Amino acid sequence: MVRRNVNMEKLKDDYFLTNISRRQSAHLQKFPDTKLINLGIGDTTMPIPKSITSSMVERADALSTIEGYSGYGPEQGEKALKDAIANTFYGDLGIKSSEVFISDGSQTDISRLQLLLGSSVSIAVQDPSYPAYVDTGVVVGQTNVFQESEGKYGNIEYMKCFADNDFFPDLSTASRTDIIFFCSPNNPTGSTATREQLAQLVEFSRKNGSIIVYDAAYAAYISDDCPRSIFEIPGAKEVAIEISSFSKFAGFTGVRLGWTVVPSELLYSNGFPVIKDFDRLVCTCSNGTSNISQAGGLACLSPEGLKSIQTIIDFYKENARLIIEIFTSLGFKAYGGKNAPYVWVHFPGKRSWDVFTEILEKAHIVTIPGSGFGPCGQGYIRFSSFARREDIIEASWRLKNLYS
């Protein structure tokens with residue numbers, strides 16, 4: 001006699017990434033002898049460097065000894081890792097290790113933050129953007145029903161991001177919301193906000209009394225002077241929370257490790273520190289992150305670990321360059337790839353799912369239809385560079401044959 005959660009009823013029945021997996025499986029059944037190349041879901045493919053996995057093996061082995069065994073750790077994360085994250089990524093930005101919270105990944109932290117913020121807040125997202133921001137908003141009750149005709153949920157501010165505005169929203173036309181979810185480098189467009197653009201975003205938030213939830217999961221791919229953290233912008237600590245992850249940085253998609261930074265300067269309207277509520281929530285919802293994963297994270301941030309990881313990041317970025325090169329040669333507009341592992345390709349006059357189907361059935365390549373990321377993604381396809389080099393070369397040849 002228990003009624004279904006009305007917010008779960010609002011969710012679209014089919015999560016679009018699940019839909020892609022189902023279509024991929026059906027394609028493999030139809031063409032069992034065909035090599036299917038996956039340039040879709042952004043799962044890393046290169047092995048984790050030995051120096052990092054060795055540290056996890058050592059930590060796991062130690063659990064078999066009286067001296068090395070440990071049970072529950074601090075819910076906020078082990079101090080050594082918190083210190084290393086604060087020093088490595090925020091060394092000159094004034095972020096303290098006590099403001100760093102370790103988790104099993106940024107996806108979990110998005111959900112935790114939504115639970116923290118509650119159903120009464122209003123939210124804004126980039127359009128297009130990672131679906132988890134919207135879906136978690138639906139689950140906690142921040143939205144109205146899905147509007148099929150517009151391809152979006154009611155009561156969310158979709159900040160339009162087009163190529164002609166460098167995929168940065170026009171803040172002068174954006175409505176005021178309590179929370180702004182913002183990802184840079186962006187998934188799916190691969191675009192990266194400049195220092196000037198982020199300064200506009202921080203000022204917009206300060207003016208409106210909003211909180212930015214800044215997703216920096218792909219910051220390690222930035223190779224120019226674009227900020228890697230929102231906290232590089234003066235005043236950001238009063239208006240922003242930052243989430244990040246070891247998944248695409250270190251290939252920890254299966255290991256699971258991430259972190260969130262909640263500055264002590266960030267206050268609710270009544271003056272209460274947000275960090276105190278987040279700490280309370282973390283202690284309520286978690287018994288801490290795997291100590292084995294945290295040992296791996298600490299090894300990632302050693303000089304040897306950082307050097308090894310950079311080699312892998314450079315490999316994925318070269319893959320992205322090759323994807324951009326083939327589409328540019330075919331006359332398509334391709335965006336991203338420079339500071340991100342994603343390439344965002346425009347197919348004028350076509351619908352995203354139609355292009356997805358065409359590429360899957362004729363070239364046997366899995367991609368991601370841009371419309372799954374929001375209405376402004378219609379007509380685009382996202383290509384991931386998380387693949388082996390031979391697969392990128394083979395995919396380039398197939399795409400050339402398809403679109404020449």
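**Ground rules.** I am working with a predicted model, where local features need pLDDT of at least 70, side-chain atom pairs count only at pLDDT 80 or more, and totals for chains, interfaces and linings use all residues. Residues are numbered from 1 along each chain as its sequence is written, and side-chain values use heavy atoms, with hydrogens and water left out.

**Entry 1: the fold.** I found 13 helices and 15 strands in the protein chain; these are DSSP runs numbered from the N terminus, with helices (H or I) of at least four residues and strands (E) of at least two. The radius of gyration is 21 Å, close to the 22 Å that the globule rule gives for 404 residues, so the chain is as compact as a globular protein of that length. Here the radius is taken over C-alpha atoms, and the rule is 2.2 Å times the number of residues to the power 0.38.

**Entry 2: burial.** I looked up how much is tucked away: 52% of the 404 residues count as buried, meaning under 20% relative accessible area with a 1.4 Å probe, protein chains only.

**Entry 3: the cores.** A nonpolar core is a set of buried Ala, Val, Leu, Ile, Met, Phe, Trp, Tyr and Cys residues joined through side-chain atoms within 4.5 Å. In the largest one, of 53 residues, Ile 85, Ile 230, Phe 231, Phe 246 and Phe 249 touch the most other members. Helix H4 (residues 79-90) gives this core its largest share, five residues. Apart from it I noted another core of 36 residues, including Phe 16 and Ile 392.

**Entry 4: Phe 246.** Leaving aside neighbours within four places in sequence, Phe 246 has contacts (heavy atoms within 4.5 Å) that include Leu 81, Ile 85, Trp 259 and Cys 300.

Note on methods. Buried means under 20% relative accessible area, exposed over 50%, partly exposed in between (1.4 Å probe, protein chains only).
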